[in-house]
Number of protein chains: 4
Amino acid sequence: MIRGRAIQVAVIGPSECSEEEAAAAEEIGSVLAAHGATLVSGGLGGVMEASCRGARVRGGLVVGILPGQSEGNQYLSVAVRTGLSHTRNFLVVGSADSVVAVGGAYGTLSEIAIALKQGKPVFGLNTWDIEGVAPCTMPEEAALKALSAGRP
Amino acid sequence: MIRGRAIQVAVIGPSECSEEEAAAAEEIGSVLAAHGATLVSGGLGGVMEASCRGARVRGGLVVGILPGQSEGNQYLSVAVRTGLSHTRNFLVVGSADSVVAVGGAYGTLSEIAIALKQGKPVFGLNTWDIEGVAPCTMPEEAALKALSAGRP
Amino acid sequence: MIRGRAIQVAVIGPSECSEEEAAAAEEIGSVLAAHGATLVSGGLGGVMEASCRGARVRGGLVVGILPGQSEGNQYLSVAVRTGLSHTRNFLVVGSADSVVAVGGAYGTLSEIAIALKQGKPVFGLNTWDIEGVAPCTMPEEAALKALSAGRP
Amino acid sequence: MIRGRAIQVAVIGPSECSEEEAAAAEEIGSVLAAHGATLVSGGLGGVMEASCRGARVRGGLVVGILPGQSEGNQYLSVAVRTGLSHTRNFLVVGSADSVVAVGGAYGTLSEIAIALKQGKPVFGLNTWDIEGVAPCTMPEEAALKALSAGRP
């Protein structure tokens with residue numbers, strides 16, 4: 001009998017993003033799924049959707065922690081409908097064993113800050129330059145470091 | 001490629017329960033998993049743990065929406081760490097397509113009330129007698145009715 | 001120098017109500033303010049607004065714990081904008097030293113259940129008949145009993 | 001009859017702070033109260049408590065939006081007990097018409113980010129150097145600018 005859960009990695013970033021950011025997020029999701037990790041995200045568009053697509057196509061388990069009562073993007077395996085609006089950012093990060101940030105503006109900054117306050121490992125790709133965030137240059141690098149850092 | 005999510009059924013009830021309630025919750029979890037549903041619960045002990053055990057043993061996907069930053073019971077496939085204390089009750093019910101209540105005191109009553117306010121189907125086994133809750137006499141009956149009512 | 005806070009009494013009830021319920025809620029707010037209590041409510045219309053009006057006209061301090069980012073009704077002294085949707089019900093009750101429920105449907109039932117779970121005194125006027133709610137027949141009676149029960 | 005609420009200014013900062021930060025926060029609270037503003041804070045110690053003390057001594061209205069079910073510091077006029085842990089940071093900022101940040105680490109950074117995402121004016125005193133935060137050099141300056149920016 002299988003017990004216990006897989007490592008949970010959050011990919012955070014804006015709901016509107018560049019093609020480059022989307023490609024990076026998709027690759028990160030794919031690498032996470034290939035290693036058996038569960039992807040946690042805010043469940044909407046942009047970086048969130050791209051990471052979900054990458055993970056789901058690879059057969060991964062994809063959890064969307066949504067701001068409202070909607071269904072989120074089409075790649076979610078599980079839809080957690082919070083009704084908490086942006087406050088759900090706390091739950092995305094709180095549910096993660098490690099975090100990868102791709103791009104992003106103030107919303108992503110709030111999630112990075114919460115993750116760092118909770119002492120979680122945060123890896124960044126073209127995102128805020130905040131002390132505590134480990135900058136990465138390649139998507140696969142970010143995903144692999146998050147997998148390694150999030151393991152118990 | 002697989003898209004979309006399975007039906008999500010919440011099993012709600014107290015963190016301390018009778019053996020009879022635990023047996024009922026376990027059977028409900030098992031029936032839900034056998035039909036491919038995702039089980040959503042508060043992720044702790046009692047009725048919650050019994051339903052999770054029933055679903056996980058049967059190979060089901062089990063989501064625990066936890067009050068704090070803890071790991072929850074050992075049968076969770078996914079741990080959503082909310083840090084919201086009892087307020088997470090809203091999220092358990094909000095994430096459900098239909099709800100089964102087993103036993104319970106005031107916490108369960110709050111979840112029943114939230115579910116009914118959101119217009120969700122609620123099936124009850126030896127729980128509060130509130131207008132809008134469909135009373136059931138057998139665990140399998142409650143599970144099957146919740147599956148049927150939660151489908152789009 | 002003044003330190004410490006006044007007793008905080010929550011008046012809960014539906015956002016749409018009968019004239020009789022509004023009159024009762026207004027009187028309760030007035031009595032609470034006359035005794036120096038702070039009124040806590042969900043800050044919107046119906047029973048909420050009527051109780052706020054009664055308290056504010058009498059010079060009372062009125063706190064609205066709002067579901068969104070709006071301003072709430074015009075009688076609030078303080079607007080707490082939660083962005084939590086109905087989940088803010090937990091905060092209304094959590095911030096109360098005692099609770100008066102006037103009328104109400106499932107939303108009010110969820111607040112009653114949360115209050116009882118937290119062990120708070122709940123007084124009811126024409127509301128749900130739940131074990132633990134002390135039924136009252138007159139608005140002034142409900143207000144005075146809530147004042148008395150909420151004192152440390 | 002008095003209607004409407006006073007401007008609400010949040011003073012944010014760490015629960016442990018230097019004497020200099022405490023003195024600055026206290027002066028800010030005092031200036032805000034002298035101008036009739038309502039002070040909103042997280043209601044605990046450090047910068048929060050110092051700002052509350054400054055405002056309350058001056059006769060101001062002081063609202064503490066608390067993480068748990070506790071009473072918060074002794075200078076609160078109103079205790080909003082959220083039970084949401086750090087997630088209450090969103091509510092502190094959401095309830096503010098403008099924000100003053102004093103010092104601070106990751107928790108304060110999360111609040112700054114949320115405020116900027118919500119488009120609220122943020123004034124900083126010896127805090128994070130984030131685009132969008134208007135740096136100030138004197139406590140009175142920060143308070144007066146926040147009062148001016150928060151008015152409708």
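## Terms and basis

A salt bridge is taken here as a side-chain nitrogen of Lys or Arg within 4 Å of a carboxyl oxygen of Asp or Glu. C:Asp97 forms one with D:Arg81, with 3.2 Å between the closest N and O atoms.

This is a predicted model, in which local features need pLDDT of at least 70 and side-chain atom pairs count only at pLDDT 80 or more, while totals for chains, interfaces and linings use all residues. Residues are numbered from 1 along each chain as its sequence is written, and side-chain values use heavy atoms, with hydrogens and water left out.

## Chains A and B

Chain B is superposed on chain A by a rotation of 180 degrees with 0.0 Å of shift along the axis, at RMSD 0.0 Å (least squares on the C-alpha atoms of residues with pLDDT of at least 70 in both copies). The two copies are thus related as by a two-fold rotation axis. In chain B, the C-alpha of B:Val80 is the nearest to the axis, 4.4 Å from it.

## Chains C and D

Contact (heavy atoms within 4.5 Å) links 32 residues of chain C with 32 residues of chain D. About 2500 Å² is buried between chain C and chain D, 48% of it from carbon and sulfur atoms; buried area is the accessible area (1.4 Å probe) that two parts lose on being put together, summed over both.

Four salt bridges are counted between chain C and chain D. The side of chain C that touches chain D divides into 15 nonpolar, 10 polar and seven charged residues, where Ala, Val, Leu, Ile, Met, Phe, Trp, Tyr, Cys and Pro count as nonpolar, Asp, Glu, Lys and Arg as charged, and the others, Gly among them, as polar.

Terms used:
Chains lettered and ligands numbered in written order.
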